Every structure is written in structure tokens, then in C-alpha cells.
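Keep the sequence and the 3D view at hand while reading.

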There are 2 protein chains.
Amino acid sequence: MTGPRYPDLIARLPETVPFVGPEVQERAMGQLFRARLGANESAFGPSPFAIDAMQDAAADVWMYSDPSSFDLKNALSARMGCTPENIVLADGIDGLLGNCVRLLVTEGDAVVTSDGAYPTFNYHVTGFGGTLHKVPYRDDVEDIDALLARAAEVDAKLVYLSNPDNPMGSWHPGARIESALNRLPDGCVLALDEAYIEFAPEGTAPRIDPQDPRVIRFRTFSKGYGMAGARVGYAVGEWNFIKAFDKVRNHFAMSRISQAGVLAALEDDLWLREVVRKTAEARERIATIAGDHGLSTLPSATNFVAVDCGRDGAFARAVLDALITRGVFVRMPGVAPLDRCIRVTAGKPDDLDVLAEVLPEALAAAQGTSEGG
Amino acid sequence: MTGPRYPDLIARLPETVPFVGPEVQERAMGQLFRARLGANESAFGPSPFAIDAMQDAAADVWMYSDPSSFDLKNALSARMGCTPENIVLADGIDGLLGNCVRLLVTEGDAVVTSDGAYPTFNYHVTGFGGTLHKVPYRDDVEDIDALLARAAEVDAKLVYLSNPDNPMGSWHPGARIESALNRLPDGCVLALDEAYIEFAPEGTAPRIDPQDPRVIRFRTFSKGYGMAGARVGYAVGEWNFIKAFDKVRNHFAMSRISQAGVLAALEDDLWLREVVRKTAEARERIATIAGDHGLSTLPSATNFVAVDCGRDGAFARAVLDALITRGVFVRMPGVAPLDRCIRVTAGKPDDLDVLAEVLPEALAAAQGTSEGG
């Protein structure tokens, strides 16, 4: 009685997952988090109109949703200054990155990213047999010149850049990305992850012709729009490239309720502006809380702040563990020197009160551990 | 200025999609369907408790859902007589089939299915470079002996069987599948699609040890539970095989609202029983309507009925087109001799009133076309 016979690639894949959910940690600890500041969710929530629209749509859930997402693509294309044919929708950027990698990368193909950048992109590249080449951040910013140079050197089919960046919160002006495009090696596509773009200063989004075949940009309703649990993201790219997603995507995968929700959310610019404003306030508050205990923070164009714990990765990890033990869910970058920081989501005032209460204890505990160890 | 460089497999893939959505047809026709009887959705809808739960969950949509789906796996495993580790969840059976194929099939690997069976399974096999081997139905039932013989002949890694069957509505007693398992060639996995199992007679679901590595079974909330638009399906299989899905799946892809909804739906057995009863009545009504116009219907263990149009595929296609033109959304099998039938979903009485009104006109129109052509 034998069972599955896995292809070599599958057999080789690690069983690690990109992220552990906070619920998994809560169950392991036997207690709920007091403040959920680790996944860059927007605790300010979605537009009330989006909530209403989802509640209204619940009774219609017996129907599959429109697999061509006609209404939503029309609404998005009007905002993005492109045609509906430039847009593909999916259950979040994660799924779109997976299909983008699948469309371009086969075993042994080269892909370039920054060391410490989004792990789920790496997960997909590894999952489809690609070879990852990583260049270091430079002064906590993704190093565009190094990314381009490495892409040319290894003949990369795909290069990943997030702008604004996760996990550091740093960003490049859009003009720098526009000029980078012209230096992209032939046959290399730029995957531009703009998950946090709603929080960034004016001019951070590059002006790119949607018909430019050298770039595909990714957007989401999980961050600024406060709808992470709804699972809606989209990608904008050249017609033929976008059409190629139809060869591999799960055509009926979109939740009907989620689509109704994001359509309504798109109409509520006032809500989005308010969320951006409250998020900026929360970032300042995090800087103040950190500063009160002698820690500095990095400038951020996102809904999170990298708090520099001032020592090495082991120390920052001890601070993180101490925060988690005390009920504050946070995450941190995975590689040095970024891992001197912990990453704190710009949450609601109540959540940040908990952070303010717990951080001094966590720092003391980490110092104790560190000095004792 | 070049763009994407596609791997050979991707470049070769057809641009056809498995199904066209009714909304796409509505836009092409410039009118809405009067009766939605083509996608085997349950117009009886989900449990009111599920609707309530989804409405309650809408305000919490700012949070990602638990990527390990702890609560839902516990609830499902209790019902399936297995452990939570035997279960993997995803956005419907389509996505699970895709990942199942990805885990087993690489370029040139053999896969066996029935000619005319679920096109989306074939889409995934082709998409990952597998070679499809098809055996004909036998008397409108999937031919288990022929599937097994072909699997042995081509050294298949995967063989697909839906029970009850889509598109014919036929079924095998569970005991026949239990005995088939023992004749499955070494190293071949049976993908058992039980999307319609809630509608089937007692004894249709085989008794299979969840730790049996030779089979993986697929279930969904899209049919009996009336939640197609929520996108929740699950697969049950041996621990290691299920764990392998973690190597490739999109870990944060589940909608938080949908998970809340199906948890509530699972508690409402009374609703499910009522839906099954109403669906059986609707099947009888479809048989009566068809019989009134000299057409026979096939026995069905699903929420749809294959109506035998009594002539060849071209004629059934003409009937289908005439129904669609008159506002009745239906679909039909893709290959002979199954394509003498059209497939009509067991809808609500109002929907079937429309069918009763329109069918004679559609038949007359098809006869006219057919005789004139």
C-alpha cells in the first residue's frame, strides 16, 4: 500500500511556512494577545460602507462571484488610469505573487530580491524551483542599483522590490523607480509590491505606463483599506502578461462578499484619508514610546514602524519574545543588520497603551536575559 | 524594451478557461438571466445562522484569518471521524485540486480521468504539464474498472473520480469505491471529488481510513451548504500528504468571513436536511417538466439533473442556446455521448416555473434550427 509519488522539486521543498499566525501563538501560550501589532493589519478597520456592503452580500453567497470581476476591474482601472484588461484580481498579493512566479520561473531560473525582504515571495520562488539571489539592504532601504546589477549578472527573469518596503518601512521616490525601469536588463520583469502605497508620501508611486511589459505592480485591500481578512489584491500590468494569468489562475476563487466589500470601500476616500491620518499619528506615538526608553525608530511610509533596539539580532529577538510573552503580538526582520529592529504595527491608541505599559518590562527582561546569557 | 520570458510549459498552455461565468454571458446578451440553473449553486441558500455569522464577522475583517484554520479543522474532523491533521482547507475544491496536482504531477507525468468529467481538474493537470489519459463513461457512469486499468497501463500518479458524478449526476455505492482502492496501482493516488455528497443516498460515501495514503477526498461548502460565493472547500487525506500542502499552499488565503460562516453552517443540520429535501423535490419537478415535452432525465444523486434531449450533441447544444437566449442559464457536458444531455440545476420553484415556460419554445426553436440546418 504505497501512496503519493512526489516530483523531486516537491520532495525537496522545506516544510517551513512563511509566517506563523498570531492565533497559533495564542494557542501555544494559552492566552490571547492584548495588542495585535504584528501583522500590519489596520485596526482602524474598513469603511463602514464596506461593512454594510458585505453584510448585504451575505445572503447572496449561494452564488459564485463573477469570475471576470467585471465591476471591480472597471472601478480599479478608472483609479489606476488603465483599462480593465490591465488588471488581474486574486485573493491577496500573496496569491498573485505565486501566480506571477509560476508564469515566469521554472527550475533553475534566476530571481533577485533583497536579503530580508518579503518571505512569501521567496516561498513562491523556491516552490517553483527558482534560484533566489539576494542583495543586502543599504542603509535600511532596498538597494535598487544592487538589485539591477545582480539581475544583469545572473540573467534574472524576475526582480522583486517593495515600495514602500516591508519590513523596514523605508521608501524610494517614484521617480527613482521610473529611472530604474530603464536600466532593467532585457527580459527581466520588475515585481513592484505596493502593498503599503496608501500610507506613503505623494510621489512615492512611480508613473508607469500600464502597457509597459517590464513591470507588474501589486496592490491590496489588506492594509490601507483595512480588509486583510477579505483577501482581495490586484496586479496591474501589460495586457498580454495579465492575460497569461488566465492560464493558471483559479478562476472562481474570489469571495462574492469580499468583492462587494472592496467595491464599496473604493468609494469611500474620506475613510481612507482618515485611516492614513490616524496611522501617521500612531507612528508618531510609537516613536515617542520607543524614545521614552532610549530606542530610536526608522522613518516609515507604511502602517508600521521599525523600532531599533540598538543592539544585535539576539537582543531584538529577546525584546520581541518578552513583548509576546506579555501579550503584545509583534514581528521582526529575519536577517542582520535589519534584525536589530522589531516591527510594530501602527495600531489604535488602546493597543499602543499596552505597548507603552509593557515595553519597559520587556526591555528590562531582555537586558536581563542578554546579560545573564 | 522586452518583457516576460515564459517557460516552455507556460508558453504552450491554451488561453481557454474552464468555465465562462453567467455574468459574462449576461453582459454579452445585454440582459440578465431569469433563472440561474447552470452552475449547480444552491438557490435555497445557506443556513440563516451562517448568514448571521458572516454579518457578525464583517466588522472583524481587518484581521487576517487564522492560517491554520484551527476551529474549522476541529469541527470538520469531528464530523469526518479523523484528526485535524488529516484536513487541509482552501478556497474551494478547485484550488485544492490545483495544489494536489502540483504536489504530484510534473511535466510528462500520467494522470487518468473520465472523458467528459470535471474540466477544472484537467485544467490543472495541463497547467502543471501532466499528460491526461481519458477513459469513456460507461452507461453515463464513470467507469471505475476502466479508470483503474488505464492507471496501471500508463503508470498514473493520480486518477480522478467524482462520486456523485458531475456532469451526469450518476453515482457508485461507496462499497464499490472501497473495493476499487484495493485495486489501485502502486504509487497512484485516487482524487475522490465528493462535492455533491450531501445530496447522495446513504452509503454513497465510501468508508475510508483517513490515514490511507492511496486516496484524498474533496468536500465543499459550495453545493449542499449553499455557500459557493464564500469559497471554502477541504480535503481529507493521510497526515504526511496533507502536510505536504503546506509546502505550496497560500497560507493566508482564507476569508475570515467565510470561515465564520461555514463554522455556523456546520452546526445547522436541520437546514441541510431541508435543502436536501427541497433539492430532491426540484429534481422531480425537472423530470416532470422534461417528461411533459417527451424528454427523459437521468437519475441523480446531486443538485442537478441531466436532461436527455434525445438526439445528438448538436441538437442538445441548440436546446441549450435557445434556453440561454430565453433567460435560462444552463450548461451541458462537453463530449459525446454525454452531450446529448443538458444539465439543469435543481433550483427554486420560481426558477423551475421559468424553465417550464421556456422549455417548449426552446425545443421548438432547436428543432427548427436542426431541421433547417
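Predicted model: local features only at pLDDT ≥ 70, side-chain atom pairs only at ≥ 80, totals over all residues.

Five bridges connect β10 (residues 304–308) of chain B with β12(B) in the antiparallel sense. B:Asp308 faces B:Cys341, a residue of β12(B).

Next come the domains, described for chain A. Domain 1 of chain A is made of 8–45 + 270–372, and domain 2 of chain A covers 48–268. Taken over C-alpha atoms, the centres of domain 1 and domain 2 of chain A are 24 Å apart. The contact between them involves 33 residues of domain 1 of chain A and 33 residues of domain 2 of chain A.

The size of an interface is often given as the accessible area lost when the parts come together. By that quantity, domain 1 and domain 2 of chain A bury about 2,600 Å² between them, with 66% of it on carbon and sulfur atoms. On the domain 1 side, A:Leu272, A:Ala301 and A:Leu338 supply 21% of the area that domain 1 of chain A buries against domain 2 of chain A, more than any other three residues.

Polar pairs also occur across this interface. Between domain 1 and domain 2 of chain A there are two salt bridges and 10 residue pairs in polar contact, with both residues at pLDDT 80 or more. On the side of domain 1 of chain A that touches domain 2 of chain A, the elements giving two or more residues are α1 (8–12), α11 (269–292), β10 (304–308) and β12 (341–345) of chain A. Of these, α11(A) gives the most, with seven residues. Elsewhere in the list of salt bridges, the side chains of A:Arg12 and A:Glu107 meet at 3.5 Å, N to O.

Some backbone details deserve a separate look. Most residues other than glycine have a negative phi, and most peptide bonds are trans. In chain A, the peptide bond from A:Asn166 to A:Pro167 is cis, with omega near 20°; A:Pro167 sits in the loop between β5 (158–162) and α8 (174–181) of chain A. In chain B, B:Ala336 and B:Pro337 are joined by a cis peptide bond with omega about 0°, and B:Pro337 belongs to the loop between β11 (328–329) and β12 of chain B. B:Asn40 is not a glycine, yet has a positive phi of about 55°. The loop between β1 (35–36) and α3 (48–57) of chain B holds B:Asn40.

What does the contact between the two chains consist of? It takes 86 residues from chain B and 86 residues from chain A. Together the chains bury about 7,500 Å², 58% of it on carbon and sulfur atoms. B:Arg5, B:Trp62 and B:Lys247 supply 12% of the area that chain B buries against chain A, more than any other three residues. B:Arg5 also forms a salt bridge with A:Asp155 through their side chains (3.1 Å, N to O). Between chain B and chain A there are six salt bridges and 49 residue pairs in polar contact, both at pLDDT 80 or more. The largest share of the side of chain B that touches chain A comes from α5(B), with five residues.

Notes
Residues numbered from 1 in each chain as written. Chains lettered and ligands numbered in written order. Heavy atoms only, no water. Pairing = 2+ DSSP bridges. Helix = DSSP H or I, 4+ residues; strand = E, 2+ residues; numbered from the N terminus. Domains from an automatic or database assignment. Contact = heavy atoms within 4.5 Å. Buried area = accessible area lost by both parts, 1.4 Å probe. Salt bridge = Lys/Arg side-chain N within 4 Å of Asp/Glu carboxyl O. Polar contact = N/O pair within 3.5 Å; in protein donor to acceptor, adjacent residues only side chain to side chain.
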